[in-house]
Amino acid sequence: MDKKPFYITTTLPYVNAPLHLGHAVEFIRADIIARWKKLEGNDVFFNTGTDEHGIKIYQAAEKTGKSPKDFVDEYAGDFKKALIAFGISEDAHIVRTTDAHHEKAAQEFWKICKKNGYIYKKAYKVKYCVGCELEKTDSELVDGKCPIHPNLEIEIIDEENYFFKFSEFQKPLLTFYKENKDFVIPDFRFNEIKAFVERGLEDFSISRLKSKMSWGVPVPDDADHVMYVWFDALVSYISVLGWPEDKKMFEKFWNKKTPSVQYCGKDNLRQQSAMWQAMLMAAGLPNTHTIVVNGFVTAEGGLKMSKSLGNSVNPIDLVNECGTDALRYFVAREISPFEDSPFTMERFKEAYNSGLANGLGNLVSRSMKMQTLYGNSFPLISKDEARNKLHDKDIYHGDFDRYDLKAVTDHIWNRVQWLDEFIQKTEPYKKIKTNETQAKKDIKELIEKLWIIAI
């Protein structure tokens, strides 16, 4: 039987600085979903990668005295090492926006949108946040600063650029939202983007003058311009599938029926669920099925953890001190699936000790000691058999379908608690002296259930 295709992607972080904990949260959550879908028997295409164009990269490279290409090559290597540290699946696809195929795909996407009448050129003047790589209105600024990047000066862009006719997609987007009631998860983020679109849309700039910022994908048929970084980077979600040349691969994973899921942070809500969807409509391509929006991991004072703010925690340091599983456990169970969550080292270590060391770790230690001392050898059931033995698998399905990984992990730890109580109730370490046959049956049940927990 053919496996059902399933596509999932993270956003692509800029490679202007090391990854922070917020990035690790997004990658690990997407990886958990990808692993679950594979366990269910789906043909999973899991995409992640690096966003390597734009003014932030250009400025960061200038500061180091390196060429932008040498700069991004170095950080792309560090990115791959980080994925290993986060325990990301080895078969994950990694796209770089400086890949030759991606650049050609972005140019082809531009040509189609322009041919369809959605790209034009005009002079304009606008306030711009380099941290967000977005234009800002006065109402979005606080004391003249971007509230997400208050340490950065707002720049004034005054030049002739190409624009995307975003304003023409208010009605198509609202219709799409109405017909796809679970398009954005959680629902309060969906309400946010619907309200944004209902207020009216303004066309946005999709190019920069090459004379001012040369690091970008060249605009087709205009050597004076390079593409605006968001326009280029969003196309990566389909270029990684071989679009436009490999129609078979693309149509397998990106169509109206196959689930396509995009994970992002709440500061990416507009780009992922409105701008990108309008761009897909302009190119005559199917829309994304689901956008899953994370809250921020916050530092002291409730501020977003950010590279540009300098208050980020290096997740590699957490892995080096406590291990990959400790980081993945904390992300899955201790960070809210959708709301902002504070991070402190005290909270991280407390979760590690209570959940892993004293919880699962203690259970595994006790169980394997009994199996080694008293248990008879027996073959473990297969992963498929184990999955079928989940008496509450419908609950798992429901929580996975809602992308509520905390609830999923809580179910697993309920099983840990249940097995602790099973040992206390059956006491196989005592029973082995009076009823060896029953004691070994109890140990066998214990190990099989522990194996199910592991899976």
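**Cavity, pocket, helix packing and sheet**

The largest cavity is lined by Arg-29, Tyr-263, Val-331, Ala-332, Ile-335, Pro-337, Tyr-403, Leu-405 and Lys-406. This is a predicted model, in which local features need pLDDT of at least 70 and side-chain atom pairs count only at pLDDT 80 or more, while totals for chains, interfaces and linings use all residues. Residues are numbered from 1 along each chain as its sequence is written, and side-chain values use heavy atoms, with hydrogens and water left out.

A cavity is a set of points, on a 1 Å grid over the protein atoms alone, where a 1.4 Å probe fits but cannot get out; a lining residue has an atom within 4 Å of a point. The count comes to 1 cavity of 30 Å³ or more. The volume of the largest cavity is about 30 Å³, a volume being the space filled by probe spheres set on the points, with grid points joined across faces, edges and corners. Its lining divides into 7 nonpolar, no polar and 2 charged residues (Ala, Val, Leu, Ile, Met, Phe, Trp, Tyr, Cys and Pro count as nonpolar, Asp, Glu, Lys and Arg as charged, and the others, Gly among them, as polar). H12 and helix H16 (405-426) each supply at least two residues of this lining; helices (H or I, at least four residues) and strands (E, at least two) are DSSP runs, numbered from the N terminus.

H12 also packs against another helix. Helix H12 (residues 324-334) and helix H13 (residues 345-374) meet at an angle of about 95°, with their axes 10 Å apart. The axes are lines fitted to C-alpha atoms over the stretch in contact, and angles run from 0 to 180 degrees between N-to-C directions. H12 is therefore roughly perpendicular to H13, a term for angles of 65 to 115 degrees. In this contact (heavy atoms within 4.5 Å), the residues include Tyr-329 and Phe-330 of H12 and Phe-348 and Tyr-352 of H13.

The largest pocket has a volume of about 1200 Å³. A pocket is an open set with protein on both sides within 12 Å along at least five of seven lines. Its lining has 36 residues, of which Arg-35, Ile-412, Ile-453, Ala-454 and Ile-455 lie nearest its centre. H12, H13 and H16 are among the elements that give two or more residues to this lining.

Elsewhere, 4 strands form an open sheet in the order S5-S4-S6-S8, with antiparallel pairing (two strands pair if DSSP finds at least two bridges between them). Strand S5 (134-136) and strand S8 (204-205) are the edge strands. Strand S4 (residues 119-129) is joined to S5 by 3 bridges, and Lys-127 stands opposite Lys-136 in S5.

Technical notes. Angles under 35 degrees count as roughly parallel, over 145 as roughly antiparallel, 65 to 115 as roughly perpendicular and the rest as oblique.
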